[in-house]
Each structure stands twice: as structure tokens, then as C-alpha cells.
Amino acid sequence: MTAVSTRKPDPGARLAPVSAGRKIKDRAVQSLVYLAFALALVPLLSVLWTVVVNGAGRLDPTFFQFSMNAVSGSDAGGGAYHAIIGTLEQVLITSLIAVPIAVLTAVYLVEYAGNGRLGKVISFTVDVMTGIPSIVAGLFVLALWLLTFGFDFSGLAGSLALTILMIPTVVRATEEMLKLVPNDLREASYALGVPRWRTVCFVILPTAMTGIVTGVMLAVARVMGETAPLLLTIFFTKAINNDPFNGAQASLPTFIWEQAADPNQNSIDRAWTGALVLIGIIMLLNLVARLVARRKSPAGR
């Protein structure tokens, strides 16, 4: 029989010192990580600084209170009130349509589909939709909603195009967050006799809520800055249209595109300010959503 050693480790024993070569390698890798982080921040800070410097000049109450109705490109003044209202309404409609569909799809893929054929087909379709160019979504809505069904340009048509772009992003983000929920929580809930649907609603989704909200906000940030599909679906207008279901409606991306295409300095200034306002709205929505998700999550209660 092989003798088993019963010798206990000496608590006073010291670990071997780290060699100089390993210290040098560790410092080198740390330096590369910090350098990569700094290089990643350079373009981000450069873009943010450029937008702030060029857009702060027209960031006044007039910009938020008035539209471009009866204001030409060379005229001073004018604002983006009509575009801000249009963007908020279009993104709200897009979120109301896309988020429930995407979350339910992700729940099915993670909790119910398993290795079934339908789950594989849905997953493949989501992957294909993720790579669809934005203008293709706009052309699809233009051909189906406007030309085939005969509806007019409207904020709703733009929202439908943005929905096509938003759904796959939210599906993938929600799916990954649901997979991170420990199986112990599921098994504990099932052991208590809780049905699967109640486990999903009251255990799994609240646990993954913070990550799901982050994925939704990333999708909102993506669609809020899209221009190509909106050019084909909402058209142009300088007037205020608070009804997203009837008539052409403005948005911040199309407002920026229209003003930047005008060579007059006043129009270019308005374009920069529109870009700054768009960034500010995205950051504000992201902050509010994170605060709400933190309070609603089990860890924040």
C-alpha cells in the first residue's frame, strides 16, 4: 500500500519570491491595458468635445421652444422643438412595440425552446436581422406600409422601420442576461411547486432586469440616431406635428441631416446643436433607466 503523508503545512512557511522577469511582464501587460483604454477614449472624447464646442453656441431657450417653420437656412434663430417631439414619440412607439416582442422571444429561446427546431429557426432569424442595414428596413416599410397598404408618411411608419432594427438587439441582450441567471434559482422555485411562468415572471426576469434594461437602452441609442430609414418613412417637415399617426413628422436625425446639408453657417450651427441635444437625450434616458432598474432589481430593494 502507498503511504499517505500526514505532514501538515508549516503556517510559518513563506512563498517563493516573485522573479524579476514575472514582475516585468506583469508591468508590461498592465501598461498595454492602460494604453488600450486610453486609445479607446481618445475618439470618444474627441467626438464629444467637438460636438459640445460647436453645438453649445445655439443651446438656448429658442432652440427648444420654436420650430423651423417659416425659417430659411440663412436666417438666425429657429429651433428643433418639432424634431425633439418627433424623436421622443417615434422612439416611444418603437419601444412599446419592440421591447415586449423581443423580451418574450428571448424568454422562449432560453426557457422553453431547448434544442427544438423552432428555437433554432428563431435564433437564426434574429442573427440575420442583426446584420440588416438600416436603409433596408426603411425600404421594407416604404414598400409594404406606404406603397402597398397606401398609408401616408408618418411617425408611425418611421417607428415600424426602427422596430425592425431594435428587436434583434434587445433579443440578444435579453437572451444573454437570462442565461446568466443561476440555475439554482430556477430549481429552488420549481422545488417549491411554482409554475414555470411564475418563475419566469417573478424570479428570472427581476434577477436579470438590470442587464435587460441596459440592452434596451443600447438598442434605443442605436435607433434614436438612425437617419436612413426615417428619410424614407417620415419625410420632411419644418412644422410642429404632435400626431405621429397622421402626416409627415420631423425627427432629430433628419433635422441634423437637413441642416447640415445647407451651406449657411446658421444651419450648420443648428445641426451641431441638434447633435448635442440628441446625445444629451440618450444619456438622460440611459441614466433614468439605470436608476429605475437598480431600484426594481432584487439587489436594490
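Residues 122-147 are 88% helix and 0% strand, with 28 Å between the end C-alpha atoms; helices (H or I, at least four residues) and strands (E, at least two) are DSSP runs, numbered from the N terminus. The model is predicted: local features need pLDDT of at least 70, side-chain atom pairs count only at pLDDT 80 or more, and totals for chains, interfaces and linings use all residues. Residues are numbered from 1 along each chain as its sequence is written, and side-chain values use heavy atoms, leaving out hydrogens and water. In the unreviewed UniProt entry, the feature "transmembrane region" is placed at several spans, including 122-147 and 200-221; such annotations, given in the numbering used here with shortened feature names, may be inferred rather than shown by experiment. Residues 200-221 are 95% helix and 0% strand, and their end C-alpha atoms are 27 Å apart.

Phe151 lies in the loop joining helix H5 (134-148) and helix H6 (155-179). Its relative accessible area is 42%, so Phe151 is partly exposed (buried means under 20%, exposed over 50%, partly exposed in between; 1.4 Å probe, protein chains only).

Ile101, in helix H3 (residues 81-113), is likewise classed as partly exposed because its relative accessible area is 42%.

Beyond residues up to four places away in sequence, His82 touches Ser67, Met68, Thr237, Lys238, Ala239, Ile240, Ala250 and Phe255, contact meaning heavy atoms within 4.5 Å.
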